[in-house]
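Please read the points below alongside the coordinates.

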Amino acid sequence: MKRWVNGVEVELPDGTEVEVVTLADRLLVRESGQTHSALVVRSGEDVLVSYHGQQFLVEPALASRRVHGATHTGEIRAAMPGAITFVGFAAGDPVAKGDKIVVLEAMKTQQAFLAPFDGTVSKVYVEAGSQVGEGDVLATIEPA
């Protein structure tokens with residue numbers, strides 16, 4: 001079911017109640033009695049949101065309505081500068097949606113980046129201990 005939550009169109013399971021509170025650089029997402037934090041990074045006119053290990057480009061409502069059948073590219077990008085603390089897969093490894101590919105530590109917070117779909121890791125650009133910048137590609141996943 002698609003719904004508008006605080007001006008953003010999101011797809012939610014039927015009956016899910018969600019409240020989003022906007023802070024300076026974070027969103028607090030309250031769902032099913034739990035509160036989760038999402039990191040928000042603005043880069044020029046783009047707004048990137050990192051939530052539950054996945055990264056999203058938030059577009060204005062009119063622009064998102066024009067995009068039909070848009071899919072994740074398979075590129076996993078750093079939402080902010082930081083240090084890589086974990087790399088779970090190498091090029092050629094099969095992955096399932098939700099597998100932890102890379103963990104980035106920034107501002108004393110660890111952010112796991114998960115496989116967006118089932119597939120194969122085509123390239124890993126980082127290793128544990130690497131320093132990365134905002135928007136750097138960390139790994140690329142090819143769909144199965």
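1. Ser-43 has Asp-46 in E6 as its bridge partner. This belongs to the pairing of strand E5 (residues 34-43) with strand E6 (residues 46-51), which is antiparallel and counts five bridges. Strands here are DSSP runs of E, at least two residues long, and helices are runs of H or I of at least four, both numbered from the N terminus; two strands pair if DSSP finds at least two bridges between them. Elsewhere along E6, Ser-50 is the bridge partner of Leu-39. The E5-E6 hairpin has two residues between its strands, and Gly-44 there takes a positive phi near 65 degrees.

2. The model is predicted, with local features requiring pLDDT of at least 70 and side-chain atom pairs pLDDT 80 or more, while totals for chains, interfaces and linings use all residues. Residue numbers start from 1 along each chain as its sequence is written, and side-chain values use heavy atoms, leaving out hydrogens and water.

3. E6 also pairs in the antiparallel sense with strand E7 (residues 54-58), over five bridges. Tyr-51 is bridged to Gln-54 of E7. In this hairpin, too, two residues lie between the strands, and His-52 has a positive phi near 50 degrees.

4. These strands belong to an open, antiparallel sheet of five strands in the order E3-E4-E5-E6-E7. Its edges are strand E3 (18-22) and E7, each of which pairs on one side only. From one strand to the next the twist averages 25 degrees; the axes are lines fitted to C-alpha atoms, and angles run from 0 to 180 degrees between N-to-C directions.

5. E15 has pairings of its own. Strand E8 (residues 75-77) pairs with E15 in the antiparallel sense over three bridges, with Val-137 of E15 as the bridge partner of Arg-77. Strand E13 (residues 119-124) is antiparallel to E15 and joined to it by five bridges; Thr-120 has Glu-142 in E15 as its bridge partner.

6. Which residues have the most contacts inside the largest nonpolar core? They are Ile-84, Ile-101, Leu-104, Val-132, Leu-138 and Ile-141, in a core of 21 residues. E5, strand E11 (100-106) and strand E15 (137-143) each supply at least two residues of this core, and E11 gives the most, with four. A nonpolar core is a set of buried Ala, Val, Leu, Ile, Met, Phe, Trp, Tyr and Cys residues joined through side-chain atoms within 4.5 Å. Buried means under 20% relative accessible area, exposed over 50%, and partly exposed in between (1.4 Å probe, protein chains only).

7. A second, separate core has eight residues, including Val-18, Val-20, Leu-27 and Val-40.

8. Totals follow. The protein has one helix and 15 strands. Of its 144 residues, 31% count as buried. Among contacts between residues at least 6 apart in sequence, 43% join residues at least 24 apart.

Notes. Contact means heavy atoms within 4.5 Å.
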